[in-house]
Amino acid sequence: MDEVKNFEDAVKQLEEIVELLEKGDIPLEESLELFQRGVALSGYCTRKLDETEKKIVRLIEENGELKEEACMQEVQE
Amino acid sequence: MQQKLTVTQLTKYIKQIFSFDNLLSNVCVTGEISNYKLHSSGHMYFTLKDDKSVIKCVMFKTQNRRLHFKPEDGLKVIIRGYVSVYEAGGSYQLYPEFMEPDGIGDLYLAFEQLKQRLEGEGIFAPEHKKKLPYTPKSIGVVTSPTGAVIQDIMNVLFRRYPNVVLKIFPVMVQGDGAGKQISKALDALNKTRAVDVIILARGGGSLEELWPFNEEIVARSIFKSEIPVISAVGHETDFSISDFVADLRAPTPSAAAELVVPEKEALQKNIMDKRLRLKRALAGRIQKERQLLGQLAKSPSLRHPLDRLNQLCIELEQLNKHMGNSMKRVFESAKNKLSVVCGKMDALSPLMVLSRGYSITRSSEKEIIKSISGVKPGDMLEITVTDGSMICSVKEVNNS
């Protein structure tokens, strides 16, 4: 089993596992292992999607350094 | 008598005539550039000509600095400037103060020239274009902090993918100095690696208004940027140099927001979908195995394991019976045979013969007498009959 590099990679591996399981001609023990890994991957993906919080920040350059300032700008529909 | 002038005095006189002439002190000329040379001092030297005449030109650095385009041989231009005398050379010259291409706009020409030059350097080549991150954590937007552009980007962005950090780097997006600001913004973002991807955006406008995105300094910064840059400048039909250099061009700022993040909802649905398929596939598999097991459990050899044994016992019994019967038959037949032989034996038995009236005659030496030879009258003979024996003496011997 390969290590997961990022979200995209995890989705790809999950897809592969689903296809393998649906095809059906794997020994039962291996099927169970694959299933477990698949569930772990889908959990990882779901977590990754919610990882970052929404934030709007305005950047100011001060003495060659970038400073972040919370932005009051809101999304208008 | 005529006044004797020095060369310098004569030259100065001529120069004055030029400078007092209204037309020559502010003249508009059109012609073709030839023998163009940019001196290391920054001054431009060339000859302006038409099919019959030429005039030498010198455009000083202070004036030519403002040019957007690069003068080159063969280019037809319109010049506004003054004509004066170059004393040391003894010639008159045209000193352009303003110059623009005759025929196409100077900006457009400048655009074409820069585009060709950068293309020649290979800066637009696809090999240099970086792939955008699939799910960026933070997005930098270099644009005007006010106006519809940033609002559009935010709307689309947060609708598609709410969990993202947006960092806005405000810049001027038109006018003098805008190009420099944009370039500095890109460099600063790169230095601090503040974001995973950069959107360079500006709404629609004229070529002049969009000009900062056609400046070389911006192109260089985009090219240098290690963070991927999406260029979204102007309307769909506007193409700027930044569009060509960037890692990706978006036709509009909203389109940029769509290109930079995937739709979170679609991704979530995809994952849910896969999870469901996973569960179903496993359930299906287990169901299949159960069924198989069920079938096997039903098979008679498992349900009635003794059946076979019983069967074999029955068969064994049968065999025993048959064997018994066969043996009996063999026995009977042997018995019969024996009977027959015994019967035969009986018939041949001397005792049976005796019972029929025959007798066995023996000599006194117990020898069986079968013939008259050797028997004389007076001999003693033993005669055995079926129920006993008698001793007899021979009276006569006769031939038969």
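I looked up the fold order of chain A: read along the sequence, the pattern is α-α-β-β. I note that this is a predicted model.

I then checked the element count, and the secondary structure of chain A comes to two helices and two strands.

Next I looked up burial. Chain A has 77 residues, and 21% of them count as buried; for this, a residue needs 20 or more other C-beta atoms within 10 Å of its own.

I also looked up contacts inside chain A. Taking those with a separation of 6 or more, I find that 35% join residues 24 or more positions apart.

I turned to the interface. How many residues of chain B are in contact with chain A? I find 31 residues of chain B in contact with 33 residues of chain A.

I asked which elements of chain B supply at least two residues each to the side that touches chain A. They are helix 5 (148-160), strand 7 (165-170), helix 6 (178-192) and helix 10 (264-298). Helix 10 of chain B gives the largest share of that side, with 12 residues.

I sorted the residues on the side of chain B that touches chain A by kind. I have 17 nonpolar, eight charged and six polar.

Last, I looked up strand pairing between the chains. Strand 1 of chain A, residues 55-62, pairs with strand 7 of chain B. The sense is parallel, and the pairing runs over four bridges. I looked up A:K55 as one residue in this pairing; its bridge partner in strand 7 of chain B is B:V165.

Notes
Residues are numbered from 1 along each chain as its sequence is written. Chains are lettered from A and ligands numbered from 1 in the order in which they are written. This is a predicted model: local features need pLDDT of at least 70, side-chain atom pairs count only at pLDDT 80 or more; totals for chains, interfaces and linings use all residues. Two residues are in contact if their C-beta atoms, placed from the backbone, lie within 7 Å. Ala, Val, Leu, Ile, Met, Phe, Trp, Tyr, Cys and Pro count as nonpolar, Asp, Glu, Lys and Arg as charged, and the others, Gly among them, as polar. Two strands pair if DSSP finds at least two bridges between them. A residue is buried if 20 or more other C-beta atoms lie within 10 Å of its own, exposed if 12 or fewer, and partly exposed in between; C-beta atoms are placed from the backbone.
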